[in-house]
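Q: I am new to this structure and would like to learn how to read its features. Could you walk me through them one at a time?

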Amino acid sequence: MGDMRYWSALAKGISPYVPGEQPRIPHLIKLNTNENPYPPSPKVILAVQGAADASLRLYPDPESQALRAAIAKRHGVKPEQVFVGNGSDEVLALAFLAYFDRDEPFRMPDITYSFYPVYAQLFGMAAETVPLEDDFSLPVEKLSGGTGGVIFANPNAPTSLAIGLDDVRAIASSTEGAAIVDEAYVEFGAQSAIALLSDCPNLVVVRTFSKSHALAGLRVGYAIASPDLIEALNRVKNSFNSYPLDRVAQAAATASIEDEHYCQNVLLAIVKTRESFLPRLEALGFTCLPSKANFLFAAHKTHAAARLQKSLREHGVLVRHFNAPRIDNFLRITVGTDDEMERLVFSLQDILSLA
Ligand code: PMP
């Protein structure tokens, strides 16, 4: 770390989230940050071009009304039930501030999206971490019944496993305080808790355009909840940044959610590749969890994950490895195109026979 003389105690004390690398190496097969391998809908590109005009001198709509209306229509809810932010990371951060308190720990799984503990630390909140079961499934009973709220991802990351709506309902309805369900990967094979909103008044569903809509570069995420819960998010947002989504992002995300047909085709292609690639990984000696996401979580029976990740990098293939207890022998592999997965298999065959 550099000269910390003028840093706040907060800046000195935090351990920031470390995103997957984004190197500028040509011809790299990039399977390390769960991006969509396909381009966004052509209508999104047209919307971006359409928004790039003289109106950029003006601030954007602080309430993103057109986008919120399009999201509401797509999910069959009211616009007052929709909140949008600069990526679901921002929505999640604001949700921590809107729903969790410092003097009452919230619950979360021990193995989950690694940004949650970072937000907790940044905001001075305490978490009660609940260990995943030995098979990495979510411990539904132990996550239930808390008093300070709960957050979990469904499907979970980086494990790729999903729980059903009965389990989501059991956790939410037994929790005092808010239940935040992070559905970043839900469209690749899990059921959305949006269907539970009328039964569970404390439920907050967080979604993103980054994965299913191939718009990680645009930075748009959203939350769906009751109007009362959304009001809390708006109060926090308007105390921090009143214009989180720029004009281009609002126009592009609106075009994207309106082109449902394109998105569904892309999702089908990714799920098909995932299902055909999983047995090929198993044939190479990996154990794979049954993924409901756009990535696979796989451990090799004899080869250490850290070494495999390094060797793959030398072959121009990037995958993610987490140096954390219980999962340090796993690789998290984003599902790319069939061609990219072919190149990954080819590289693995090479590495495994040489080692
Ligand atoms: N939730 C989970 C579980 C994720 O894996 C990610 C992506 N890193 C996010 C949220 C954040 O996605 P974004 O900010 O791009 O919407």
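A: Gladly! Let us begin with pockets: on a grid over the protein atoms alone, a pocket is an open set of points with protein on both sides within 12 Å along at least five of seven lines. Please keep in mind that this is a predicted model.

Q: What volume does the largest pocket have?

A: The volume of the largest pocket is about 810 Å³. Its lining counts 36 residues, and those closest to the centre are Tyr-17, Tyr-113, Tyr-185, Arg-320 and Arg-332.

Q: Which helices each supply at least two residues of that lining, and how does the lining divide by class?

A: Helix 4 and helix 5 (115–122) each give at least two residues to the lining of the largest pocket. Sorted by class, this lining holds 17 nonpolar, 10 polar and nine charged residues.

Q: How should I read a cavity?

A: Rolling a probe the size of a water molecule over the atoms shows where empty space is left. Here the structure holds one cavity of 30 Å³ or more, and the volume of the largest cavity is about 40 Å³.

Q: Which residues line the largest cavity?

A: Among them are Pro-39, Ser-41, His-213, Asp-259 and Tyr-262. Helix 10 (residues 260–283) provides the largest share of this lining, with three residues. By class, the lining of the largest cavity has five nonpolar residues, four polar and one charged.

Q: Now the ligand. Which residues come nearest to the ligand?

A: There are 13 residues around the ligand, and Ser-88, Asp-182, Tyr-185, Thr-208 and Ser-210 come nearest.

Q: How many salt bridges does the whole structure have?

A: A salt bridge pairs a side-chain nitrogen of Lys or Arg with a carboxyl oxygen of Asp or Glu, within 4 Å. A search of the whole structure finds 13 of them. One is between Asp-89 and Arg-219, with their closest N and O atoms 3.9 Å apart. Asp-89 is in helix 4 (residues 87–99) and Arg-219 in the loop between strand 7 and strand 8 (221–224), so this pair ties together parts that are 130 residues apart in sequence. Arg-219 is partly exposed, at 29% relative accessible area.

Q: Which residues do salt bridges with shared partners join into one network?

A: That network consists of Arg-74, Glu-183, Glu-187, Arg-207 and Glu-260. Within it, the side chains of Arg-74 and Glu-187 meet at 2.9 Å, N to O. Arg-74 sits in helix 3 (residues 65–75) and Glu-187 in the loop between strand 6 (179–182) and strand 7 (203–208), so the pair links parts 113 residues apart in sequence.

Q: Are Arg-74 and Glu-187 buried, partly exposed or exposed?

A: Arg-74 is partly exposed, with a relative accessible area of 27%. Glu-187 counts as buried because its value is 17%, and buried means under 20%.

Terms used: Residues are numbered from 1 along each chain as its sequence is written. This is a predicted model: local features need pLDDT of at least 70, side-chain atom pairs count only at pLDDT 80 or more; totals for chains, interfaces and linings use all residues. Side-chain values use heavy atoms; hydrogens and water are left out. Helices (H or I, at least four residues) and strands (E, at least two) are DSSP runs, numbered from the N terminus. Buried means under 20% relative accessible area, exposed over 50%, partly exposed in between (1.4 Å probe, protein chains only). On a 1 Å grid over the protein atoms alone, a cavity is a set of points where a 1.4 Å probe fits but cannot get out, and a pocket is an open set with protein on both sides within 12 Å along at least five of seven lines; lining residues have an atom within 4 Å of a point. Grid points are joined across faces, edges and corners, and a volume is the space filled by probe spheres set on the points. Ala, Val, Leu, Ile, Met, Phe, Trp, Tyr, Cys and Pro count as nonpolar, Asp, Glu, Lys and Arg as charged, and the others, Gly among them, as polar. A residue is near a molecule or strand if one of its heavy atoms lies within 4 Å of it.
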